[in-house]
Amino acid sequence: MKTRDIVSDDLQTINNIYKDAGFGYDMPNLNAPLFVVKKAVEDDNGKVIGFSVCKITAEVYLFLDQKNEPEVKVEAMKELNDEISKASYEIGLDQITCWIPPEIEKQFSKRLLQMEWIKSRWPTWTRNLVEG
């Protein structure tokens, strides 16, 4: 097997692989600038048998002074949400993500829903990268 960058000649095969996977949603536009790594794997006959892409994402953190009254914290959270969303969009991001500790998710999810966040459909897995 050989791994290499995706080229335009691969697009039909890649689209077929994606369609056959049956995910039930449209394939992302791999030409979008947020897709910064695009790799295909070929079998020994040079046929593309898989692909993987990396899209730039942004993780949002929120820290509030817990000494404030709840309504002050909620207002601060709304203000920060609006500004961080606007600034992220302006630099070309199309999505921001936050991971909520399980012990506060139930109480925090109500506020997130009010601010137009949605709960992801899939559990998240992370790989920490190291040199080499």
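**Labels and cut-offs**

Colleague: What makes aspartate 94 exposed?

Modeller: Its relative accessible area is 52%. Exposed means over 50%, buried under 20%, and partly exposed in between (1.4 Å probe, protein chains only). So 52% qualifies as exposed.

Colleague: What kind of model is this, and which residues and atoms count?

Modeller: It is a predicted model, where local features need pLDDT of at least 70 and side-chain atom pairs count only at pLDDT 80 or more, while totals for chains, interfaces and linings use all residues. Residues are numbered from 1 along each chain as its sequence is written, and side-chain values use heavy atoms, with hydrogens and water left out.

Colleague: Why do you say that lysine 55 and aspartate 94 form a salt bridge?

Modeller: The rule asks for a side-chain nitrogen of Lys or Arg within 4 Å of a carboxyl oxygen of Asp or Glu. Here the N to O distance is 3.0 Å, so the pair passes. Lysine 55 is in strand S3 and aspartate 94 in the loop between H2 and helix H3 (102–114), so the bridge ties together parts 39 residues apart in sequence. Lysine 55 is at 31% relative accessibility, so it is partly exposed.

Colleague: How many salt bridges does that rule give?

Modeller: It gives 6. Another of them joins arginine 4 and glutamate 42, with the closest N and O atoms 2.5 Å apart. Arginine 4 lies in strand S1 and glutamate 42 in strand S2, so this pair links parts 38 residues apart in sequence. Aspartate 65 and lysine 67 also qualify, at 4.0 Å. Shared partners join Arg4, Asp10 and Glu42 into one network.

Colleague: Are arginine 4 and glutamate 42 buried or exposed?

Modeller: Both are buried: arginine 4 has 17% relative accessible area and glutamate 42 has 11%. Contact means heavy atoms within 4.5 Å. Beyond four places in sequence, glutamate 42 contacts Met1, Lys2, Arg4, Lys47, Val48 and Ile49.

Colleague: How do you know which strands pair with S2?

Modeller: Strands are DSSP runs (E, at least two residues), helices too (H or I, at least four), numbered from the N terminus. Two strands pair if DSSP finds at least two bridges between them. S1 (residues 2–5) and S2 have 4 bridges, antiparallel. S2 and S3 (residues 48–55) have 7, also antiparallel. So both pairs meet the rule. In the S2–S3 hairpin, 5 residues lie between the strands, and glycine 46 in the turn has a positive phi of about 85°.

Colleague: What makes the contact of serine 88 with isoleucine 84 polar?

Modeller: A polar contact is a pair of N or O atoms within 3.5 Å; within protein, one must be able to donate a hydrogen and the other to accept it, and residues adjacent in sequence count only if both atoms are side-chain atoms. A polar side-chain atom of serine 88 lies 2.7 Å from the backbone oxygen of isoleucine 84. Serine 88 is in helix H2 (residues 70–90). Its relative accessibility is 12%, so serine 88 counts as buried.

Colleague: Where is asparagine 81, and is it buried or exposed?

Modeller: Asparagine 81 is in helix H2. With a relative accessible area of 9%, asparagine 81 is buried. Beyond four places in sequence, it contacts Met115 and Trp117.
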